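My entries follow the structure.

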Amino acid sequence: MACMSVLTRDEAQTRARLLDVHHYTIDLDLTRGDETFDSRTVIRFTVRAETGTTDTFVELKPAELRSVTLDGSPLDPDALDGNRLPLKGLTAGEHELRVDAAMRYSRTGEGMHRFTDPSDGETYVYTQLFLDDVQRVFAAFDQPDLKAVFDLTVTAPEGWTVLANGITEHTGDGRWKAATTPLISTYLVAVAAGPWHSVRTEHHGLPFGIHCRRSLAPYLDADTDELLEITRQCFDRFHEKFEEPYPFDSYDQAFVPEFNAGAMENPGLVTFRDEFVYRSAVTDTERQTRAMVIAHEMAHMWFGDLVTLRWWDDIWLNESFAEYMGYQICGEATRFTDTWTDFGVARKAWGYDADQRPTTHPVAPENVDDTASALLNFDGISYAKGASALRQLVAWLGEKDFLAGINTHFARHKFGNAALADFIDSLASATERDVHAWADAWLRTTGVDTLSASVDAVPGQWTLALDRAGSRPHRVTVGVYDRDLSDGRTLTLRERYETDVPLVEPAPRPGTRPALVVPNDLDLTYAKIRLDETSLETVLRGLSGIPDALTRAIVWNSLRDMVRDGELAPTDYLATAGAHLPEETDLALAQGVLAFAAGHIADRYLRPEERPAALTALTSLCRDVIRRTEDGDNPGLRLIAVRHFIDVAAHPDTIAAWLADGTVPGGPELDPELRWRILARLAVLGAVDEDAIAAELDRDPSATGQEGAARCRAALPHEDAKARAWDAMFGSDDLSNYLFTATAQGFWQPEQADLVRPYVDRYFQDAPAVAARRGPAIADAAGRHAFPAHAVDPDTLRLGEACLDDADPAPALRRRLADHLDDLARALRVRGTQAG
């Protein structure tokens, strides 16, 4: 088979100079069987060349290329070279290309994904064409700056509904026709077909719809009012901020199975992973996350769909803006008003971690050579750091000028493409500030600045100095807190004031020395924070006394960073969590602290002989929170504590009794998610067998149940179970993307280090092979979930480095390996700082 080629930036720029692409007519037939579907494409385009002839190519990845005609003349299908069909001798003027092909369905969430629901046997298909997977579905000039108009027709089985970017109409005999799109990029074309359960309404004259698999209908119906209310609230708020109205003819949101991302911003048809249709109890923070994702994808209708990046080096123009707007709009327009606390806990740490690895890159890198490299940049930098930079920009610029700039940007580039320079020019038109210098400092550099506080005090006044390790200018809010003398534990806010970093000369402030000074108190900038000695002592003893959740998030992040940098003992973090987390009321904070304590400290930063004591401490902490929530006042916090109690249980008795009783004493009752969670932990501890797993699967034969069973089977502490799981992941290509991930999640367990030790070496041999065979989605899963993260020792580091040097892993796997190896080296350093 010929090698598939990735598109380079130079090739895309050359093709954009040669061509204007006007119109695609796409006809898909989804009735051709389980393996392939028919794809017929007509592309009308213009060659700009004024004299002579020129050559270019169109991309497609067919199972069978039946015929190709260019301007009525047949081309040889055998000329297809990998994924490129040469178009030679093109003259200036109008051309028409016709392609007839059979295309393969996907089981990895790429191209046209096909899924059969084990609950009821119904089949669904949907497209995920990002970043360069449109060529798995139809022939295309596949780059974002060759926008075109699309007309789509689909033949679907009886009883199916077809959704697309525009309003669809059933014309009879299984034929569906979608409304003609405005100018959009190829990667944004979308189809979702199957016997959907749908809820439809209208808002401001536009059709709105939400859709899911039939087996999830009761769960979607239970949340319909919330989903539609959030959608309407965000829609209205965007129209208050943006002068350009929503640019498409309808707004459908489809919750689809086995989706690789959180969601995808296809114009008029946003696709979400259907875990957002909750089958089990969730916390309010999880509902807030879903609301934020709805707002994030809606922001893309303007940032990304109306105005699209010219090339993939400007990913941040899509993702950083949608991330920032998702949290901001959700906090402004919905009942979820504390979104920035969740961002500070869950997303900002993602950005900080990514930005301290060797694989870091600027928010707006200057040279992304090809699509494979571009795909690697959808990370904590393009999302979390970029959104943080924009939040700092708004703090520095003011929201009025910021909004004026982005509205100018929409007006100048709507239904077109833009780059960083275009956006900065639009911002500059709305302000006297030097936005170009700001962009150079924030968007073209890498790494995390550190702001370290020191406080000097004399009678009647005190002075804060903020030392900056880094190069960026920062506008921060400083929070000043005093200890409440009535109880000695509560901290009260004395004042907040704004300051710039660096400052030429810190100004004294009146009053006694504060008990706590928090730089960046409203979390408006992106920097690691180091507290002064007195403030650090205050928070270690009285963190739960800080009145504001966002401030507590900043402090917890500072402690987290200190552990990662070897400046705070992991056991001190655990002790602080034990002392203060039982008093915590913010769900995002409780979840974030427990996740770091278990997943990083207990599993990686402490030596194996220290782990049992850490699990005991975490079990005690979770039990304390469970006891304190018996009155039912905070069911979300109780659910978080129950989940983590299960995950860190060192002995099976308590959670096995919960499973047998079907409930936690005092609640909650065990829903499918909790039952599978308990069963997975019991499998790790060797307290269940295959019969118990099979019985639970009979009880819950859903897709989620299938994943739970795969996770449990891989977690069983037996040589034959490990061998079967390994062969399923790496010896065959049968697992879907979700089942591969579930199996990988179950396989490696710190408690089973001796049992799985032989597989550590095998991983670095087998992962590159499966990544090469199965493509980027499985390569990413193999790197993200199947890596032996528990094996914190120099041998793992050596094996991984040799793999990077010798095995030439696929780009997606290479990036994951590099990140894991850096995290492993950091864990070894943290352990080293605790030696002796």
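How do the residues of the lining of the second largest pocket divide into nonpolar, polar and charged? I got 9 nonpolar, 2 polar and 7 charged. I note that this is a predicted model.

Entry, pocket. I read about 340 Å³ for the space in the second largest pocket. I then listed its lining, which comes to 18 residues. Nearest the centre of this pocket I found P608, A753, H790, A791 and V792. I looked up which elements give two or more residues to the lining, and they are α14 (587-605), α23 and α25. The most comes from α23, with 4 residues.

Entry, helix pair. Helix α23 covers residues 753-774 and helix α25 covers residues 794-806. I found that their axes come within 10 Å and cross at roughly 20 degrees. Angles under 35 degrees count as roughly parallel, so I logged α23 and α25 as roughly parallel to each other. For the handedness, I recorded that α23 passes α25 in a right-handed crossing.

Entry, contact. I asked which residues of the two helices meet. From α23 I have V760, D761, F764 and P768. On the α25 side they meet T796, L799, G800 and C803. By class, I logged this contact as 5 nonpolar, 2 polar and 1 charged residues.

Technical notes. Residues are numbered from 1 along each chain as its sequence is written. This is a predicted model: local features need pLDDT of at least 70, side-chain atom pairs count only at pLDDT 80 or more; totals for chains, interfaces and linings use all residues. Side-chain values use heavy atoms; hydrogens and water are left out. Axes are lines fitted to C-alpha atoms, for helices over the stretch in contact, and angles run from 0 to 180 degrees between N-to-C directions. Angles under 35 degrees count as roughly parallel, over 145 as roughly antiparallel, 65 to 115 as roughly perpendicular and the rest as oblique. A crossing is left-handed if the near helix is turned anticlockwise from the far one by less than a right angle, and right-handed if clockwise. Contact means heavy atoms within 4.5 Å. Ala, Val, Leu, Ile, Met, Phe, Trp, Tyr, Cys and Pro count as nonpolar, Asp, Glu, Lys and Arg as charged, and the others, Gly among them, as polar. On a 1 Å grid over the protein atoms alone, a cavity is a set of points where a 1.4 Å probe fits but cannot get out, and a pocket is an open set with protein on both sides within 12 Å along at least five of seven lines; lining residues have an atom within 4 Å of a point. Grid points are joined across faces, edges and corners, and a volume is the space filled by probe spheres set on the points.
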